[in-house]
Amino acid sequence: MRKFNIRKVLDGLKEASSSSSSSTPSVQVGPQENNLIQETLQSEHFQLCKTVRHGFPYQPSSMAFDPVQKILAIGTQSGALRLFGRPGVECYCQHESGAAVIQLQFLINEGALVSALADDSVHLWNLRQKRPAVLHSLKFNRERITFCHLPFQSKWLYIGTERGNVHIVNVESFMLSGYVIMWNKAIELSSKAHPGPVVHISDNPMDEGKLIIGFESGIVVLWDLKSKKADYRYTYDEAIHSVAWHHEGKQFICSHSDGTLTIWNIRGQGKPIQTITPHGKQPKDGKKPEPCKPILKVEYKTTRNGDPFIIFSGGLSYDTVGRRPCLTVMHGKSIAVLEMDYPIVDFLTLCETPYPNDFQEPYAVVVLLEKDLVVIDLAQNGYPIFENPYPLTIHESPVTCCEYFADCPVDLIPALYSVGSRQKRQGYSKKEWPISGGNWGQGTQSYSEIIITGHADGTVKFWDASAIMLQVLYKLKTAKVFDRNRSKEDKGSTEVSDEDPFAIQIMAWCPESRMLCVAGVSANVIIYRFSKLEVTTEVVQLLEVRMQYELNETESPDGGGGEQTSAHPTPGASPQTSGPPSHPSTSSNNSDGGNIPCLKVRSSPLKQSPGYQVDLVVQSVWVSGEPPQQITSLAMNSSYGLLVFGNSNGLTVVDYIQKTVVLNLGTVELYGSNDPYQRQPRSPRKTRQPSGGLCDINECSATSEDRCKSPTSDHRDNSFSRSRSSSVTSIDKEAREAVSSFHFCETFARKGDCTLTPCLYVGTSLGTVLVLALTLPPAGEQRQLQPIIISPTGMLVRLKGSIMRMAFLDSAGSLVPSAFETWCEPNVTADGEEREKIRKRRPVSVSPSSSQELNESQFAVVCSEKQAKVISLPSQTCIYKHSITEASFILRADVVQMNQSVCVACFCANGHIMTLSVPGLRPLMDVNYLPLTDMRIARTFCFTNLGQAMYLCSPTEIQRITYSQETCENLQEMLGELFTPVETPEAPNRGFFKGLFGGGAQSLDREELFGELAAGKASRSLAQHIPGPGGIEGMKGAASGVVGDLARARIALDERGQKLGELEERTAAMMASADSFSKHAHDMMLKCKDKKWYQF
């Protein structure tokens, strides 16, 4: 966990890319170690590219669905496009302008999509390639776009504008037609007022030559495209929001701003045939119902065997204050009001047929909310929702921290999935998820990946991130450990009521032992063990720690003065018998009257489901009316049974097996007599500044959404907030040296050692690396009873800037992993000795004998926010150093494995991503990836092994990137396909008599009307055509592949055959008619043959 202040971030952003100092050569210090390790990683192994984006589209604005391909598209206010097919098939694209997407229209079953943007541009996307691209764009210069409509199987797109005009665009060439419907011709000549913007355009389902145009003011016009005049006009005195047709084309329905629905006959002038106010109170005296909120959208869908569905959003009564947004489904006499968790952005009804002139047979409604996507099953009673298979719940509570693990143990994901599957809600629809288009990619990636997200409400989520997909595995609620109803007497309870006291700040996880530690903003650390069995914990084990260090008192590192802990189990007591204190007021060190924890651990029994179960809670308490400092760093080791956490004053080491505090020291005391800094003796409490000063990167006041607090709270001046937003630089730097990082390893504790011992390396905010040697009791029963001895051995090295990351290499250059214990079921009733037999310590890869021959056994790699150094052990000589950046600073650094080798990966505040070879620290890659870095990215950026990295690109979305050239090459294969060749369903059969007497749908040759020959050319100044960057590639993509060609040829033949079939039917009908006429004529002739003229 790093802490930064905002000025440093801004300085880093200002730095030009030229000042990135990866060009600075690494300095080799020790010539005797030259060429000890052959470095295999080269610059050509690295390439940076985005892979996939997961999560809910941030700030959605529009939606469309292809009913044949079964693909859903969502547009956002930042110009992003997210396309969803079957679970695991999703795609992200971005409009260059970044303008909001106001409307989307699929070219149904054509593998193309039209998007209209708020900057009055229209774009055609080719979806027949794995990474969709823009084929054409059209930018309107003089008019604002308000509505688009593309009829099924038509190549002419109708565009309505704010001025009330309708323009027509050929989607093949993306050229404007000369045919324009002007607003003044559409409305009555006697009307003097402008009808307002076009809010709706659609053609009559039964007659393509008739177009309905809805104007905002309340006027609807039925326009005859051939005669270029209005057939009918329908006027209502309330503004119109949307219009929908009945499939027979004889009626349409309008939704209005006063919460009414009006149903009109197309031949009925004047008044609507029906006016409904679904949520209005009906007065008894026959007057008009009270006006309601606007009905923003209505859909009118028919069924073959039953009543039609009228589905709309909005329209609630004004007196329903505080009621959640609703979708209303009217079916026959029943009205179902479905409450939503967030405001409704848009909704679509999914129907069995793509043809507008057939019975629609609706089966589901997709509702796009501001922060969720809900699909409702219309076919089942009670309208249950479908279980959403997409990873759209990342933002259920704001993400406060992330960790990313690649190449995890193979049994880990199944174990997490098995416990997570029991957490699923019941009552979902039994049917398959209806958005089922596309095909999965042919990924060759074999390793498993896990992403862990910590949230503001105290939840921790585990995600399966393997093979560029994302699926939630398991959800842990850490807040269950604490009492939520804190009493009013507790100090700070009134001030923190609006905060998120359970927010997760740092996480430490050991995949092999499945141990998990989380540190919260309330200065608490919780240790969890993984179990497949349910257990009820009678009393949650609690350790209270007073982390208060007075610099004007001299205390020995091993003496009791520095270690001030309140009531906790004694080292000799077994974990079973040592309970927590009943209440903080009974603590042993309570002479100052202020030992109060920020959160109270629950005293009632805790039922723990299979999964992560709490083992121990470590709580920093208030001391003398001062809140505890927030935790800045955290680490654990399952083999040693130790947990360590640090804050801006010092560190605490906890033995979680014996449930005791082993060490509680101020950072200054770790130096002993070798402190390089001349510090003034002063108490940290006396120099505290108010929180209005500089703040750190996690709780920056500049971006309220990124703070670990509720949006409702503006109380920054309370004591709890001060404790969280204290920063290293907000107090005199020399007096406050924060602990910034830890690393457990078996290495050489002292200079000249010849044996490996367990050690804890401590990195500080002033760039110092300090070493603590650990003396552990033997495994088994003695481990439960004998104390652990920790002895500081002094300073290893100093670097510029705060220490970010430490790692160790063996003499062959391989990463030395930390010792770990393999997982075993903790709730099995076995005695301690049997359990200890299962515990394993991973051996270090270099044996002492070989290391003595080489004289050097290990290399410590240390990276600070400014530079990196490689130290040879046990001689403790610096053999390489490299200045990574001068003007900026590093936000995240990780030592990662890649291509059977190791490198240092860094993400800099100026947006650069860099990699360095190890141990030589040669720059291998430097890419200016992000032009700007916001706080959320800085807080959530993670590198992991095998060239993977991730960050939160918005409050709701995870962006994954790769810096591996091999993954970039294979990415095309791994991505899913959105477009699959599917035959268009047959058109509805019109029947014999309709064909004979001209009933049924009337087709229209739009080419004849809108083409250049008939309509002429449009004005050049009206809109500008821009060829898209995906034009040539798109044509190749659309034309490539024999399968695609064959499929298109087959579909074309089918369509041709269908037309020929229709022609044949017509011919047969005409022949039958001619035969009938001939027979009638013959009968008439026979009847009249022998009659005289006067007999007629």
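Biologist: Which residues are linked in a network of salt bridges?

Modeller: Keep in mind that this is a predicted model. Side chains of opposite charge can pair when their charged atoms come close. Here the linked residues are Asp 207, Lys 210, Asp 224, Lys 229 and Asp 231.

Biologist: And how many salt bridges does the count come to?

Modeller: A pair goes into the tally when a Lys or Arg side-chain nitrogen sits within 4 Å of an Asp or Glu carboxyl oxygen. Arg 324 and Asp 341 make it, with their closest N and O atoms 2.7 Å apart. By that rule the count is 28.

Biologist: How many residues apart in sequence are the parts tied together by Asp 358 and Arg 304?

Modeller: Those two side chains form a salt bridge, 3.5 Å from N to O. Asp 358 sits in the loop between β27 and β28, and Arg 304 in the loop between β23 and β24, so the parts they tie together are separated in sequence by 54 residues.

Biologist: Is Arg 514 buried or exposed?

Modeller: Its salt bridge with Asp 411 has an N to O distance of 3.0 Å. Buried means under 20%, and Arg 514 has 4%, so Arg 514 is buried.

Biologist: How many disulfides are there?

Modeller: The sulfur atoms of a cysteine pair would have to be within 2.5 Å. For Cys 510, the nearest cysteine sulfur belongs to Cys 517 and is 9.9 Å away, leaving Cys 510 in no disulfide. The disulfide count is zero.

Terms used: Residues numbered from 1 in each chain as written. Predicted model: local features only at pLDDT ≥ 70, side-chain atom pairs only at ≥ 80, totals over all residues. Heavy atoms only, no water. Helix = DSSP H or I, 4+ residues; strand = E, 2+ residues; numbered from the N terminus. Buried < 20%, exposed > 50% of the residue type's maximum accessible area, 1.4 Å probe, protein only.
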